[in-house]
Amino acid sequence: MEKKYIIKASNILLENRLNRNSIESFPENCIPKNENEAYEIQDELLKLYLNLSDNEIIGKKVGCTNHEAQKQLDIESPFYGNLFSKYSEKNGCNIKSSEFTNPYFEPEFAFKLNNDINISKAPFTINEIAKYIEVVIPCIEIVDFRFLGNLKSIGVYNLIASNGGSEYWIKGNKELKLNTINLNNQSVEVFKNNKLIEKGNSSKVLGNPINSLLWIINELSKKNQPILKNYYISTGTCTPAIKLSKGDSLKINFCDIEILEFNYI
């Protein structure tokens with residue numbers, strides 16, 4: 001794809017994000033035909049996001065980390081996007097429905113990195129990347145889609161281009177050392193308006209969220225992209241994505257760790 005169309009596609013995505021609009025499709029010459037083109041659009045979109053006032057990149061998100069979601073999109077591996085300070089909040093926040101079009105939320109675990117990663121040493125092993133983990137943090141990602149239709153019709157390349165569908169990130173207060181939590185089997189319960197609606201587990205995230213961390217670090221290293229100290233890496237959902245409706249009050253119980261709460265007003 002020519003550079004001018006990559007730039008055009010990224011501007012379309014940002015404009016519709018800021019105006020809270022959805023689109024049926026890109027113009028024909030802006031449609032990403034493969035993964036490389038999709039990430040090229042995402043990279044241009046990243047530049048546009050960083051030009052917004054009071055905004056900086058705070059980390060990365062990994063999407064499609066369970067086999068059911070991968071099967072739905074007909075892919076065999078996850079994808080990634082970016083987390084931004086302007087579109088993040090802490091536990092106990094109110095989220096305005098006017099800022100979204102068709103949002104879903106996902107309970108996740110994030111890792112905060114304790115140092116810049118020397119990507120020249122990739123590929124890494126689990127034991128090698130474990131040394132870069134400062135803390136593990138329960139969190140919530142809110143995804144919203146710039147494109148109309150279901151995931152199958154949107155397609156993975158459009159999802160990747162639009163920042164992996166990531167629109168907002170809510171950080172928990174509890175910070176845990178890796179050796180104090182069993183991420184092979186950590187339960188999560190979701191309550192909507194005080195009613196239990198979903199149960200999940202960290203094992204849904206590629207068997208263990210640390211496998212998701214390993215994947216994205218090795219993937220970014222192959223592309224010579226920096227992975228920096230204090231980055232948060234949000235690793236993928238422990239439950240199916242859950243639809244948000246105006247007026248919802250949510251409690252997500254990361255059992256024996258922390259209860260995350262937010263209101264969708």
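**Notebook: salt bridges and pockets**

I began with the charged side chains and found K3, E44 and K47 linked in a network of salt bridges (a side-chain nitrogen of Lys or Arg within 4 Å of a carboxyl oxygen of Asp or Glu). I note that this is a predicted model, in which local features need pLDDT of at least 70 and side-chain atom pairs count only at pLDDT 80 or more, while totals for chains, interfaces and linings use all residues. Residues are numbered from 1 along each chain as its sequence is written, and side-chain values use heavy atoms, with hydrogens and water left out.

**Entry: salt bridges**

I recorded 10 salt bridges in the structure. I then looked up K61 and E141, whose side chains form one with an N to O distance of 2.9 Å. This pair joins distant parts of the chain, K61 being in strand β1 and E141 in strand β6, 80 residues apart (strands are DSSP runs of E, at least two residues; helices are runs of H or I, at least four; both are numbered from the N terminus). I found both K61 and E141 buried (under 20% relative accessible area; exposed is over 50%, and partly exposed lies in between, with a 1.4 Å probe and protein chains only).

I next examined K177 and E134, a salt bridge whose closest N and O atoms are 3.6 Å apart. K177 sits in the loop between β7 (166-171) and β8 (187-192), and E134 in strand β6, 43 residues apart. K177 is partly exposed at 42%, and E134 is partly exposed at 31%.

I also noted the salt bridge of K171 and E175, at 3.8 Å from N to O. K171 is buried at 15%, whereas E175 is partly exposed at 40%.

**Entry: pockets**

I looked up the largest pocket and noted a volume of about 620 Å³. A pocket is an open set of points on a 1 Å grid over the protein atoms alone, where a 1.4 Å probe fits, with protein on both sides within 12 Å along at least five of seven lines; lining residues have an atom within 4 Å of a point. The volume is the space filled by probe spheres set on the points, which are joined across faces, edges and corners.

I found 35 lining residues, with A69, Q72, E106, L151 and A241 nearest the centre. Helix α3 gives the largest share, four residues.

I then turned to the second largest pocket, with a volume of about 150 Å³. Its lining includes R17, K86, E89 and Y168.
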